[in-house]
Amino acid sequence: MQRFIVFLLIFVGSILLGWKIAEDPGFAFFAWKQWSAQMPLWFAVLSLLIIFYLGYLIINILNGVDFSVYRWKNWRQYRRKYQSYSKTNRGLVELIEGNWQQAEYLVLAGISQSDAPLINYLAAAKAANERGEYEKRDAFLIKAQEIAPHATIAIGLTQANLQLAHGEIEQAHATLTHLHAVAPKQKAVLKMLERVYVHLADWSALLVLLPALRKQKMLTPDDTLNFEKRIYGEMLNSPVNNNEPDIQRSWESIPKKMRTEPAVLASYVKQMLRYPLHADALETLLASAIKKNWDTELVKLYGLVPAKDPVKQLAKAEKWLQENPSNPVLMLTLGRLSMRCQLWGKAKSYLESSMKLTPFTETYAEYGKLMEQLGDQRAAMQSYREGISHAQQ
């Protein structure tokens with residue numbers, strides 16, 4: 001209905017306009033320099049409207065062409081980026097699967113249009129490292145640093161990882177030391193530094209690093225304690241401690257609280273057993289530690305200490321039977337001490353009890369020595385054979 005009304009109005013208006021034009025068509029006169037033109041007014045108006053309409057059509061066509069060109073350019077750019085992404089993605093897959101040469105080719109091919117070329121260079125460095133092309137690896141890492149100077153930590157960690165994989169411990173140490181100076185709280189750097197210090201057996205440096213690991217909550221209190229015990233134990237067992245003064249200096253550098261830890265004390269005693277002049281001091285130290293904190297490793301070491309008064313030493317150890325009547329390690333220690341006291345029957349009883357509880361190879365060896373002392377070579381050989389058999393199981 002609305003369309004009909006509009007059509008009717010246009011129709012009536014057209015009739016009225018035509019009637020007015022028929023009454024007085026009017027004229028339009030145009031002149032420019034020596035040129036002039038005259039035409040009915042209605043024709044001039046109609047021509048002007050047609051010209052405007054054609055101009056409008058031309059502008060629309062040009063805009064459409066420009067938009068099509070813009071879309072085509074965008075499509076080409078998208079296509080190139082997609083191809084770059086596809087190559088990078090395929091390269092990373094090849095890297096994971098261990099196809100180093102193909103991985104390097106693909107990630108490098110995807111660099112030109114990549115939104116994140118840093119990933120490409122790091123992946124290429126990894127592939128080159130795995131192929132043993134270390135100069136190429138370093139060149140890729142330098143390129144990565146040039147295009148992403150803000151990613152120093154990520155690039156440095158990648159470099160240190162690759163250096164460690166290649167066995168370049170000293171170079172990795174230098175890289176990580178620099179990164180630690182730049183970012184002292186960075187957890188990945190701290191973790192890798194810990195690995196490097198363990199590789200280098202640099203226990204003093206590990207002790208310095210320990211508070212940072214604890215502060216960054218990378219170690220629980222129990223982990224920290226175990227770590228400290230290991231570090232101090234390794235310090236005492238270090239090859240640099242090749243004489244008694246060196247061992248004593250290392251021992252005195254350890255906090256007193258840590259010296260009472262069984263694992264640390266055991267490391268110290270094992271080193272000092274090479275120096276019999278300190279046997280009585282070791283015996284006293286071990287006896288006191290065992291009384292405060294029962295530990296089977298310390299009990300075993302107690303039986304190896306050649307104190308001047310083995311009878312007194314045996315008497316101390318026998319008191320521990322009251323609370324530990326079925327401990328195979330204590331029985332082994334008592335057997336050893338009884339042999340030093342030349343109490344052959346008691347030694348035989350203790351060693352046999354130890355073997356019944358737990359067949360330690362050491363116990364069979366001691367029993368074999370006892371049988372040799374008693375002149376029973378057959379029993380001695382049988383004990384040695386059984387000890388070897390248990391050691392091979």
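Tutor: The count of aromatic pairs comes to three, where rings of Phe, Tyr and Trp (its six-membered ring) pair if their centres lie within 6.5 Å, and planes under 30 degrees apart are called stacked, over 60 edge-to-face and the rest tilted. One of the pairs joins W294 and W320, edge-to-face, with 6.2 Å from centre to centre and 85° between the planes. W294 sits in the loop between α14 and α15 (296-302), and W320 in the loop between α16 and α17 (328-340), so the pair ties together parts that are 26 residues apart in sequence. The helices (H or I, at least four residues) and strands (E, at least two) are DSSP runs, numbered from the N terminus.

Before going on, please keep in mind that this is a predicted model: local features need pLDDT of at least 70, side-chain atom pairs count only at pLDDT 80 or more, and totals for chains, interfaces and linings use all residues. Residues are numbered from 1 along each chain as its sequence is written, and side-chain values use heavy atoms, with hydrogens and water left out.

Back to the two tryptophans. W294 is partly exposed, at a relative accessible area of 27%, while W320 is buried, at 14%. The cut-offs are under 20% relative accessible area for buried, over 50% for exposed, and partly exposed in between (1.4 Å probe, protein chains only). Together with Y302, these two residues form one aromatic cluster.

Now look at the space beside the rings. A pocket here is found on a 1 Å grid over the protein atoms alone, as an open set of points where a 1.4 Å probe fits, with protein on both sides within 12 Å along at least five of seven lines; lining residues have an atom within 4 Å of a point.

About 210 Å³ of space lies in the second largest pocket. There are 13 lining residues, and R259, T260, L265, A289 and K292 are the closest to the centre. Two or more residues of this lining come from each of α13 (262-272) and α14. Sorted by class, the lining divides into six nonpolar, four polar and three charged residues.

K300 lies over the face of F360, 5.9 Å from the ring centre; the rule asks for NZ of Lys or CZ of Arg within 6 Å of the ring centre and within 35 degrees of the ring normal.

Helix α18 (residues 344-357) is your next stop, and M355 is found there. M355 is buried, at 13% relative accessibility. Setting aside neighbours within four places in sequence, M355 is in contact (heavy atoms within 4.5 Å) with T363, Y364 and Y367.

Most residues other than glycine have a negative phi. A201, though not a glycine, has a positive phi of about 55°; A201 lies in the loop between α8 (187-200) and α9 (203-215). K217 is not a glycine either, and has a positive phi of about 60°; K217 sits in the loop between α9 and α10 (221-237). A201 is partly exposed, at 41%, whereas K217 is exposed, at 75%. E234, in helix α10, is 33 residues from A201 in sequence and 8.0 Å from it in space, C-alpha to C-alpha.

Finally, step back to the whole chain. The chain has 20 helices and two strands, and 35% of its 393 residues count as buried.

Technical notes: Grid points are joined across faces, edges and corners, and a volume is the space filled by probe spheres set on the points. Ala, Val, Leu, Ile, Met, Phe, Trp, Tyr, Cys and Pro count as nonpolar, Asp, Glu, Lys and Arg as charged, and the others, Gly among them, as polar.
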